[in-house]
Amino acid sequence: MASKPIILHIGDPIKFNHDLYTQLSEQFTIIRPSAEERQRDAFMASLKEKKWGDFHAILRPFWNTGGEMGRWDRELVPLLPSSVKIFASAGAGYDWADVDVLAENGIIYCNGAQASSEAVADMAIFHIIAVFRNMQWSMSGARSTDPDLWMDAHRHTARTAHNPKDHILGIIGLGNIGHKIATKAHACFGMKIYYHDLYRKPATQEEAVNAVFCPTIDELLSTSDCVLLATPFGGSKLITRETLGKFKKGSRFVNIARGALVDEEALVEALKSGHLFAAGLDVHEFEPQVNKELASMKNVTMTAHTAGGTIETEIGFERLAMENVRAILLKQEPLTPVNLHLFRQ
């Protein structure tokens, strides 16, 4: 009798989708290394020793545990047994995993962006409203409990506040999350949607939100009233002193993607000079450290990388990770592959 395929479960025990995990346990053999075994040196030593045998899948159902071994790079990935076919993880981003190297080693990487798109889009809408309506100025005035600061915000924010309606929202990255943001911004606020992506989206997706495709980032930046980042980190900064200079004067900026995409010192300069009117940041360049100058500005709204932070997201992350693993091990198509296109090149 053939042995069952093996799943290496890294991170905490399952918290939500217990029935699905029970099904996986019946279909496959699941091994969960301890926290000590997941430290990078110990983890790599165990892979070299084939401590867990020729396992077939890696399951990371939570974004905040299971990452103790650090970046999955050219030092670590080649140590995996050739039997591994899938790495399925919670979380929308994947800057901690080199998906190119995984593809080179025949491993499909699947993320959980689909599960977080609703929550992230809602947070993006909050920041979009904030940068158009001077929300940070108003909120800090109210929270100060200082009558003078309250009156300052009460009397003066309206002079530079705008309704988002009919303004151009330029989205960099029209994937699941970007399209969800576009849907909400267009349907609820009547915003005009422009976007830039590596590949133009099908006409049906564009028509759903009346989106205009910009072939270059420069075109998007120069025409948008608010630029929003919804793209994965590709290894280099996207918003720099040079690109900020190409923004439409007096426009706004929102980042719900990755802090490492932005040169925050350059962002400070653009805000101080007035070239940018306001910014909304859920993610930060040096998390958990936050830029103190940005934090002191009344035209900058900040949240603590919590855009996807809802219970529904966590349940969905966990479920998607397990469903992706099961699909591959049963020789079916993965639900949310990130690097599948690299196999076809």
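Two strands are taken to pair if DSSP finds at least two bridges between them, and helices (H or I, at least four residues) and strands (E, at least two) are DSSP runs, numbered from the N terminus. The structure is a predicted model, in which local features need pLDDT of at least 70 and side-chain atom pairs count only at pLDDT 80 or more, whereas totals for chains, interfaces and linings use all residues. Residues are numbered from 1 along each chain as its sequence is written, and side-chain values use heavy atoms, with hydrogens and water left out.

Strand β7 (residues 192-196) runs parallel to β8 and is joined to β8 by two bridges; Tyr194 has Val212 of β8 as its bridge partner.

A second open sheet has five strands, with parallel pairing in the order β2-β1-β3-β4-β5. Here β2 (29-31) and β5 (108-110) stand at the edges with a single partner strand each, so one side of each is left without a neighbour in the sheet. From one strand to the next, the twist averages 20 degrees. Within this sheet, strand β3 (residues 57-60) and strand β4 (residues 86-89) run parallel and are joined by four bridges, with Ile58 opposite Phe87 in β4.

With helix α7 (residues 176-189), the axis of helix α4 (residues 113-133) comes within 8 Å and crosses at roughly 45 degrees. The crossing is right-handed, a term used if the near helix is turned clockwise from the far one by less than a right angle, with anticlockwise being left-handed. Residues of α4 in this contact include Ala113, Val120, Ile125 and Ile129, and those of α7 include Asn176, Ile181, Lys184 and Phe189. The residues of the contact divide into 11 nonpolar, four polar and four charged; Ala, Val, Leu, Ile, Met, Phe, Trp, Tyr, Cys and Pro count as nonpolar, Asp, Glu, Lys and Arg as charged, and the others, Gly among them, as polar.

The other partner of α4 is α13, packed at an angle of about 165 degrees with the axes 8 Å apart. That makes α4 roughly antiparallel to α13, and the crossing is again right-handed. Gln114, Ala115, Ser116 and Ala119 of α4 make this contact with Thr313, Gly316, Phe317 and Leu320 of α13. The residues divide into four nonpolar, four polar and no charged.

Helix α13 (residues 311-329) also meets helix α1 (residues 18-27), with axes that come within 10 Å and cross at roughly 25 degrees. That makes α1 roughly parallel to α13, in a left-handed crossing. Leu20, Tyr21, Gln23, Leu24 and Gln27 of α1 make the contact with Arg319, Met322, Glu323 and Arg326 of α13, a set of four nonpolar, two polar and three charged residues.

Two backbone details are worth a look. Glu287 and Pro288 are joined by a cis peptide bond with omega of about 5 degrees, and Pro288 is placed in the loop between β11 and α12 (292-296). Thr145 is not a glycine, yet has a positive phi of about 60 degrees; Thr145 lies in the loop between α5 (135-143) and α6 (147-156).

Conventions: Axes fitted to C-alpha atoms, helices over the stretch in contact; angles between N-to-C directions. Contact = heavy atoms within 4.5 Å. Parallel < 35°, antiparallel > 145°, perpendicular 65-115°, else oblique.
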